[in-house]
Amino acid sequence: MRHLKIFFGIFVILALSRFVPHPPNFTSLIALSFYVPIVFGRKYILALIGSFFITDIIIGFHSVTFFTWGSVVLIGLISEFFKMS
């Protein structure tokens, strides 16, 4: 149950962060796709992708949507190599 609360919390916070005004090509979702897997583990990459999916429904899909989602997954998987023990 604890994991579900963390998953939902990450999902909501990240989804809301896409609607906050920010400079072009800067989004907290991309930055957090590096930190969330390090802190919480790989299984929370789905929360990142879910946040992108829901907000892209509202904001609108674009021609490189799947490349953006793929970069989130790739960043999340690579981030484990930078984890300090």
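## Helices α1 and α2

In this predicted model, helix α1 passes helix α2 in a right-handed crossing, a term used when the near helix is turned clockwise from the far one by less than a right angle (left-handed if anticlockwise). Helix α1 covers residues 2-17 and helix α2 covers residues 28-40, where helices are DSSP runs of H or I with at least four residues, numbered from the N terminus. Their axes come within 11 Å and cross at roughly 165 degrees, the axes being lines fitted to C-alpha atoms over the stretch in contact and the angles running from 0 to 180 degrees between N-to-C directions. That angle makes α1 roughly antiparallel to α2, a label for angles over 145 degrees.

On the α1 side, Ile 6, Ile 10, Leu 14 and Ser 17 meet Ser 28, Leu 29, Leu 32, Val 36 and Phe 40 of α2, where contact means heavy atoms within 4.5 Å. The residues of this contact of α1 with α2 divide into seven nonpolar, two polar and no charged (Ala, Val, Leu, Ile, Met, Phe, Trp, Tyr, Cys and Pro count as nonpolar, Asp, Glu, Lys and Arg as charged, and the others, Gly among them, as polar).

## Helices α2 and α3

Helix α2 also packs with α3, at an angle of about 165 degrees and with the axes 9 Å apart, which makes α2 roughly antiparallel to α3. The crossing of α2 past α3 is right-handed. From α2, the contact draws on Leu 29, Ile 30, Leu 32, Ser 33, Val 36 and Pro 37, and from α3 on Ile 45, Leu 48, Ser 51 and Phe 52; by class, these are eight nonpolar, two polar and no charged residues.

## Helices α3 and α4

The axes of α3 and α4 lie 10 Å apart, and the two helices pack at an angle of about 160 degrees; they are therefore roughly antiparallel to each other. Here too the crossing, of α3 past α4, is right-handed. Ile 45, Leu 48, Ile 49, Phe 52, Phe 53 and Asp 56 in α3 meet a set of α4 residues that includes Thr 65, Trp 69, Val 72 and Leu 77, and the contact of α3 with α4 divides into nine nonpolar, three polar and one charged.

## A salt bridge across the chain

The whole structure holds two salt bridges, each a side-chain nitrogen of Lys or Arg within 4 Å of a carboxyl oxygen of Asp or Glu. One of them joins the side chains of Asp 56 and Arg 18, at 2.9 Å from N to O. Asp 56 belongs to α3 (residues 45-59) and Arg 18 to the loop between α1 and α2, so the pair ties together parts that are 38 residues apart in sequence.

## Confidence and conventions

The chain averages a pLDDT of 86, with 99% of the residues scoring at least 70; pLDDT is the predictor's confidence in each residue, from 0 to 100. Confidence is lowest in α1, at a mean of 84, and highest in α4 (residues 65-78), at 92.

Residues are numbered from 1 along each chain as its sequence is written, and side-chain values use heavy atoms, leaving out hydrogens and water. As this is a predicted model, local features need pLDDT of at least 70 and side-chain atom pairs count only at pLDDT 80 or more, while totals for chains, interfaces and linings use all residues.

How values were computed. Angles under 35 degrees count as roughly parallel, over 145 as roughly antiparallel, 65 to 115 as roughly perpendicular and the rest as oblique.
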